[in-house]
Amino acid sequence: MKSIINHSIAAMAAASALITPAMAEGVGGPGGGIASLLPLALIMVIFYFLLVRPQQKKVKEHRTIIEALKKGDKVITGGGFYGTVVDVKDDFLKVEIAENVRVKIKRDTITGLSD
């Protein structure tokens, strides 16, 4: 009987030795919540500088090009047409894409300036 009790006590001691470190890993120390948010914040900062900021810069450059269009500028439309601006209105342009072929297009469809 004594050997069974000794064996039981030894088994419980071994089990408690295994359980204690596992439970200690799950308990976060003070500030553990903030430390776990650090990688997420770092990913958001990287995302901003690699994707959002360059896109905002590109949109701003496009807006300045669109606002500065004037008669005689050579442009490329979103549809792939190359042409020369003939007339400038508020939101619309008249662009000559071939000799005596003029189309009325919206300013926003201009993708860039041509040489």
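Let's begin with Asp87: setting aside neighbours within four places in sequence, Asp87 is in contact (heavy atoms within 4.5 Å) with Phe92, Leu93 and Lys94. Before going on, keep in mind that this is a predicted model, where local features need pLDDT of at least 70, side-chain atom pairs count only at pLDDT 80 or more, and totals for chains, interfaces and linings use all residues. Residues are numbered from 1 along each chain as its sequence is written, and side-chain values use heavy atoms, with hydrogens and water left out.

So where does Asp87 sit? You'll find Asp87 in strand β2, residues 82-88. Strands (E, at least two residues) and helices (H or I, at least four) are DSSP runs, numbered from the N terminus. Asp87 counts as partly exposed because its relative accessibility is 26%. On that scale, buried means under 20% relative accessible area, exposed means over 50%, and partly exposed is in between (1.4 Å probe, protein chains only).

Now hop over to Lys74, in strand β1 (residues 74-77). Leaving out residues up to four places away in sequence, Lys74 touches Gly83, Thr84, Leu113, Ser114 and Asp115. Lys74 is another partly exposed residue, because its relative accessibility is 46%. Go 23 residues along from Lys74 and you reach Ile97, yet their C-alphas are 9.8 Å apart in space.

Next, the helices. Phe47 lies in helix α2, which covers residues 32-67. With 47% relative accessibility, Phe47 counts as partly exposed.

Finally, let's zoom out. The protein chain has 2 helices and 5 strands, and along the sequence they run α-α-β-β-β-β-β. Of its 115 residues, 12% are buried. Among contacts in the chain with a separation of 6 or more, 34% come from residues 24 or more positions apart. The accessible surface comes to about 9,400 Å², and carbon and sulfur atoms account for 65% of that; such areas come from the Shrake-Rupley method with a 1.4 Å probe, and for residues, only the protein chains shown count as cover.
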